[in-house]
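Hello,

Here is the structure I promised to pass on. Please open it beside this email and follow along.

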Amino acid sequence: MEKEGFQTVSLSEVIDFVRQGTALPLNPVLLVFDDGYRSVISRVLPLLEKYDAKALVSVIGARAQGVADGCDTSQEYMDWKELAEAVTGGRIELQSHSAQLHVYRSRKGLQRLADETQEAYTSMLVADVRLMDRWACKAGVPVLKAFAYPYGFVEPLADAVLRGQGYEATMTSEPHVNRLSRDPNCLYRMGRFNRSGLVDTETVIGWLTE
């Protein structure tokens with residue numbers, strides 16, 4: 001992608017561009033890997049080093065903590081020790097993918113239940129946010145104040161709650177290019193393109209240049 005003028009950046013650099021006025025390359029690209037699979041260490045990190053690139057990993061707290069949630073028992077997720085090792089070189093940053101809300105039962109991710117009051121929903125989400133903070137803090141692992149919505153389910157009230165808890169950015173799964181400005185609002189509900197192993201680089205370049 002460098003040949004086409006694109007350069008990977010960290011989420012911290014994106015946030016600093018918006019909030020602090022620091023510089024970014026002309027065509028910045030943020031690579032995001034969800035869930036925190038061990039393949040980040042075995043496959044992604046070597047490629048980042050080879051191409052002098054950066055990436056962001058969305059961490060499911062329960063998986064890193066080894067807490068069973070009944071939704072995935074593959075045991076293919078990095079624990080906190082492995083996540084600490086992954087960020088050591090400075091090529092990878094971490095953001096929250098929730099502590100225990102990456103589930104698909106009566107509540108799908110962060111969706112608000114039909115009969116749930118605003119107060120009850122806020123209390124639920126704040127508890128999850130604080131649990132994630134406690135787990136990461138106890139493990140000594142730096143997790144940015146940024147959040148990727150599980151399954152891409154966006155709840156309007158969640159944005160307000162996350163902002164109130166000091167979160168500086170949120171991400172959806174909506175496929176669109178993000179237009180950055182000095183307005184912090186542009187950091188919320190950022191879109192992302194989902195590239196599967198069947199999508200070639202030429203197609204990705206087309207997404208980014210539409």
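Start at Asp 52, which comes after helix H2. Its phi is positive, near 50°. Keep in mind that this is a predicted model.

Now step back to H2 itself. The helix runs over residues 39-50, twelve residues in total. From its first C-alpha to its last it reaches 16 Å. That is close to the 16 Å expected at 1.5 Å a residue.

Which residues of H2 are buried? They are Val 40, Val 44, Leu 45 and Leu 48. These residues lie on the same side of H2, because they cover an arc of only 100° around the axis. Look next at the face turned away from that buried side. It carries the exposed residues Ser 42, Arg 43 and Lys 50.

What covers the buried residues of H2? The cover includes three strands, E3 (32-35), E4 (55-59) and E5 (92-96). Helix H4 (80-87) is also part of it.

Look in the loop between E5 and helix H5 (118-139). Is Ala 99 buried or exposed? Its relative accessibility is 0%, so Ala 99 counts as buried; the cut-off for buried is under 20%.

Then check Arg 63, which is 36 residues from Ala 99 along the chain. Their C-alpha atoms are separated by 8.4 Å.

Best wishes

How values were computed: Residues are numbered from 1 along each chain as its sequence is written. This is a predicted model: local features need pLDDT of at least 70, side-chain atom pairs count only at pLDDT 80 or more; totals for chains, interfaces and linings use all residues. Side-chain values use heavy atoms; hydrogens and water are left out. Helices (H or I, at least four residues) and strands (E, at least two) are DSSP runs, numbered from the N terminus. The expected span of a helix is 1.5 Å times one less than its number of residues. Buried means under 20% relative accessible area, exposed over 50%, partly exposed in between (1.4 Å probe, protein chains only). The arc is that of the directions from the helix axis to the C-beta atoms. Contact means heavy atoms within 4.5 Å.
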